[in-house]
Every structure is written in structure tokens, then in C-alpha cells.
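Here is a friendly guide to a protein model, written for someone meeting its details for the first time. Keep the picture open while you read and look up each residue as it comes along.

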Amino acid sequence: MVRLPFRDGFYELRPSKIICLGRNYAEHAKEMGSDVPEEPVIFLKPPSSLIGPGEPIILPRMSKRVDHEVELAVIIGKRGRRIPREKAFDYILGYTILLDITARDLQQEAKKKGLPWTVSKGFDTFAPVGPRVVDRRELNIADLEIGLRVNGQLRQLGRTSEMIFKVPEIIEYVSTIMTLEPGDIIATGTPAGVGPLRHGDRVEAWIEGIGKVEFDVLAEGSILC
């Protein structure tokens, strides 16, 4: 569970699932050597990967390259199945920032073998979120700046208008496959510029209208001083 500011109080994020989109920005698909998909590419991260502000991203020993990916996250507000895109916003509680942390070497190895990506996406601390949840009625997500810095160096910068599949389309597609429950999170893909994280790094991610969130990066087994 992660507790984030919301309206005049707090919201406890307890998702039954975290649904993520792959290659939802054309330039990111290009940098990964992939084609632009014709329909949404989805995968799951376990709820146990969720952390909030003040908690560190942990680099697992079994990976030699762990990458950052900043994403707009949609938080579902009510249960829905087969939701038409025209009604998608009715099912949204609000928005936050999510970092889809990825063990890139493990992902590439899995791809070569034709295996699922779960290991590369599912480590504890691999879904940092924050700094708050913004009510859907308070934010137009059509064209927001989204970006990320590591140790003050700009790595990612884009706009939500560059998404290949927009939020209503995503909700319609996902809800034809699985029932969406209150608190579920949909991470909508990352712009180009993904890159490696190292022990001691400081990650700063932001989305216009939501704010900025920061995380320290630590190697597994280390102690933050």
C-alpha cells in the first residue's frame, strides 16, 4: 500500500493489478528497435513492486542494467468491464506519476528466448509512484509535459499528446480482457530517452499538472547514509 495526497486528504493505493503499456510512444519504440504496435501491448507488474516517495529504488543483484521509464499513471475509480472509450473517463479516479523500472538485460534475454518479461518488470520497488493523486476533473491529460532527470541531467522529455493509444482507447482495450477494479493502476507508456540507473543516483520525474517526485537509487544490500 502507498498513501498519497489526494484532494483534501489522502488516497491509499492498493491495486489488485498494475497494467503497463509497452511501446506507446513512437520514438521509444524506435529506440528499442521495435515497430509501432497496431494495438496496445500490455503487461503486468505485481502490486508488491509499488513504492511511494521517500522509499528507494533497489537495484537487484541479478541484473547488470536497470533502466528508468517515466509514465502517466491512471488510477481506476470504479469497477468496470467492457468499458466503451466514450465512457472511459467516468471510471477514472485520478492520475499520478509511475516509473516503470526495468531490468533491461533480463528483458532482452527473455525476448531472445521468446519468454515473458515478468522477471524484468516485477522486482520489489520497480513501480515507484507519486507525488500525489490528481482528481481527473482537475486535469486535462491530452497534452502534458512529461520528463525525467538523473542527478540533474535530462534523460526523458515528451508530451502525453505523443501517445499512440490514448487513455480512453487503452481503458476500452484493457477492460475487454480483464475487469478493472477500484485502485487498479494503468501506466500509459514512456517517451524516448530511457537509460540506466546506478547506485547513488537521484531520479527526478515530473508531469505537468501533477508535480515532481524524487527517488534515491540503491544497490541491493546497501544502506542509505
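Predicted model: local features only at pLDDT ≥ 70, side-chain atom pairs only at ≥ 80, totals over all residues.

The tour begins with a hairpin, moves on to the sheets, and then turns to single residues.

- Strand S1 (residues 2-6) and strand S2 (residues 9-13) run antiparallel, and five bridges join them.
- To see one of the bridges, find proline 5, whose partner in S2 is phenylalanine 10.
- Two residues lie between the strands of this hairpin, and arginine 7 takes a positive phi near 50 degrees there.
- That positive value is found in a residue other than glycine.
- Arginine 7 sits in the loop between S1 and S2, and its relative accessible area of 52% makes it exposed.

**Rings and charges**

- How many aromatic pairs does the count come to? The count is three, and two of the pairs are described here.
- Phenylalanine 6 and tyrosine 11 have ring centres 5.9 Å apart and planes at 70 degrees, so this pair is edge-to-face; the cut-off for that label is over 60 degrees.
- Phenylalanine 6 and tyrosine 11 are both buried.
- Phenylalanine 123 and phenylalanine 126 form a tilted pair, with 5.2 Å from centre to centre and 55 degrees between the planes.
- Phenylalanine 123 and phenylalanine 126 are both buried too.
- Charged side chains also meet rings: arginine 3 lies over the face of phenylalanine 10, at 4.1 Å from the ring centre.
- Lysine 78 lies over the face of tyrosine 91, at 4.7 Å from the ring centre.

**The five-stranded sheet**

- Five strands make an open sheet in the order S6-S17-S16-S12-S13, and the pairing is mixed.
- From one strand to the next, the twist averages 20 degrees.
- Strand S12 (residues 145-150) and S13 run antiparallel and are joined by six bridges.
- For an example to look up, glutamate 145 has arginine 159 as its bridge partner in S13.

**The three-stranded sheet**

- Another open sheet has three strands in the order S10-S7-S15, with antiparallel pairing.
- At its edges are S10 and strand S15 (195-197), each pairing on one side only.
- S7 and S10 run antiparallel, with two bridges between them.
- Aspartate 67 stands opposite threonine 102 in S10.

**Helix H2 and its two faces**

- Helix H2 (residues 104-113) has the buried residues Arg104, Leu106, Gln107 and Ala110.
- Looking down the axis of H2, you find these buried residues within an arc of 160 degrees, so they line one face of the helix.
- An α-helix has 3.6 residues a turn, so residues three or four places apart point the same way.
- The face turned away from the buried side of H2 carries the exposed residues Lys112 and Lys113.
- What do the buried residues of H2 pack against? They pack against strand S7 (66-68), strand S10 (102-103) and helix H3 (118-121).
- Glycine 114 follows H2, and its phi is positive, near 70 degrees.

**A buried isoleucine**

- Isoleucine 185 belongs to strand S14 (residues 185-187).
- Is isoleucine 185 buried or exposed? Its relative accessibility is 0%, so isoleucine 185 counts as buried.
- Leaving aside residues up to four places away in sequence, isoleucine 185 touches several residues, including Leu13, Ile18, Leu50, Val74 and Leu98.
- Isoleucine 185 and glycine 130 are 55 residues apart in sequence, and 12 Å apart in space from C-alpha to C-alpha.

**Backbone spots to look up**

- The peptide bond from glycine 130 to proline 131 is cis, with omega near 0 degrees.
- Proline 131 lies in strand S11 (residues 127-135).
- Threonine 125 has a positive phi of about 80 degrees, although it is not a glycine.
- Threonine 125 is in the loop between H3 and S11, and its relative accessible area of 11% makes it buried.

Terms used
Residues numbered from 1 in each chain as written. Heavy atoms only, no water. Phe/Tyr/Trp six-rings, centres within 6.5 Å; stacked < 30°, edge-to-face > 60°. Buried < 20%, exposed > 50% of the residue type's maximum accessible area, 1.4 Å probe, protein only. Lys NZ or Arg CZ within 6 Å of the ring centre and 35° of its normal. Pairing = 2+ DSSP bridges. Helix = DSSP H or I, 4+ residues; strand = E, 2+ residues; numbered from the N terminus. Axes fitted to C-alpha atoms, helices over the stretch in contact; angles between N-to-C directions. Arc of directions from axis to C-beta. Contact = heavy atoms within 4.5 Å.
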